Amino acid sequence: MQKNAPDHGTMIYLGGALLALAVLSTSLVAADPALKVGARAPEFTGHDAQGKEWKLSEHLRRGAVLLYFYPKDNTPGCTRQACGLRDRMGDLQKAGVTVVGISFDSAESHQKFIAEHQLNFTLLADPAGKIADLYGARIPGQNMARRVSFLIGPDGVIRHLTDTPKAETHLEEMTAAVRALKK
């Protein structure tokens with residue numbers, strides 16, 4: 001036996017660890033489509049707080065869509081982001097932008113969130129995370145989305161993407177991206 005060579009048990013353990021790492025990295029890649037600026041936004045249909053169907057392609061016929069995923073209704077950062085969008089709605093509407101927020105929360109939770117903060121845009125309930133998974137927005141291993149925003153042009157192409165936990169960054173970047181879209 002060579003000096004300092006791993007024994008058979010160590011080799012099996014290392015091989016198993018490498019296999020587990022390969023399987024884990026494959027599952028993470030499969031769950032994250034790595035959408036980027038310039039990519040076509042995946043089509044989806046969801047349901048709003050009243051259970052009414054909401055289809056991306058129908059709203060894109062009217063103009064751009066600011067689609068944002070957020071972790072949870074009535075949490076500090078999510079409330080700050082939602083209220084910031086509410087307060088910018090006049091400018092967003094003038095620019096022809098439809099705003100829609102998506103989380104894993106239920107329609108009932110969305111109804112309360114909308115009422116409590118007088119939100120003037122649509123929230124979609126995605127309790128199974130199907131839309132979040134389409135956009136790679138699920139926090140791995142959790143039934144919760146991370147904070148990620150997509151500005152989708154009327155042609156269905158992603159024009160801007162903000163992916164950070166900071167609500168203020170989303171508001172600032174999307175405001176600038178909407179202004180650039182208008183030009």
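Good morning. By the sulfur-to-sulfur distance rule, the count of disulfides in this structure comes to 0. C78 has a relative accessibility of 1% and, because buried means under 20%, C78 counts as buried. C83, at 13% relative accessibility, counts as buried by that cut-off too.

Please bear in mind that this is a predicted model. The average pLDDT of the chain is 86, and 81% of the residues score at least 70. One stretch calls for caution: over residues 8-32 the pLDDT stays under 50. For that stretch the model has 5 contacts beyond four places in sequence.

Let me turn to the sheet. In what order do the 7 strands of the open sheet lie? The order is β2-β1-β5-β4-β3-β6-β7, and the pairing is mixed. At the edges stand β2, residues 53-55, and β7, residues 158-163. Each of these has a single partner strand, so one side of each is left without a neighbour in the sheet. On average, neighbouring strands of this sheet are turned by 30 degrees against each other, with direction ignored.

Strand β4, residues 98-103, pairs with strand β5, residues 122-125, in the parallel sense over 4 bridges. Within this pair, I102 stands opposite L124 of β5. By contrast, β3 and β6 pair in the antiparallel sense, over 5 bridges, and F69 stands opposite V148 in β6. The pairing of β6 with β7 is also antiparallel, again over 5 bridges. Here V148 has D163 in β7 as its bridge partner. β6 and β7 form a hairpin with 5 residues between them. In that turn, G156 has a positive phi of about 85 degrees.

Is β6 largely enclosed or largely open? Of its 5 residues, 5 are buried, so β6 is largely enclosed by the rest of the structure. V148, F150 and I152 point one way from the strand, while S149 and L151 point the other way; all are buried.

Helix α3, residues 76-94, touches β3 (65-69), β4 and β6 (148-152). The direction of α3 makes about 180 degrees with that of β3. Helix α6, residues 167-182, lies across β3, β6 and β7. α6 runs at about 170 degrees to β7.

My last topic is helix α4, residues 107-117. Which residues of α4 are buried? They are A107, H110, F113 and H117. Seen down the axis of α4, these buried residues fall within an arc of 120 degrees, so they line one face of the helix. The spacing follows from a general point: an α-helix has 3.6 residues a turn, so residues three or four places apart point the same way. The buried residues of α4 pack against β1 (45-48), α3, β4 and β5. On the face turned away from the buried side, α4 carries the exposed residues K112, A115 and E116. Just after this helix, Q118 takes a positive phi of about 50 degrees.

To close, I would ask you to look again at two places in the structure. Thank you for your attention.

Methods. Residues numbered from 1 in each chain as written. Predicted model: local features only at pLDDT ≥ 70, side-chain atom pairs only at ≥ 80, totals over all residues. Heavy atoms only, no water. pLDDT = per-residue confidence, 0-100. Contact = heavy atoms within 4.5 Å. Disulfide = S-S within 2.5 Å. Buried < 20%, exposed > 50% of the residue type's maximum accessible area, 1.4 Å probe, protein only. Pairing = 2+ DSSP bridges. Helix = DSSP H or I, 4+ residues; strand = E, 2+ residues; numbered from the N terminus. Axes fitted to C-alpha atoms, helices over the stretch in contact; angles between N-to-C directions. Arc of directions from axis to C-beta.
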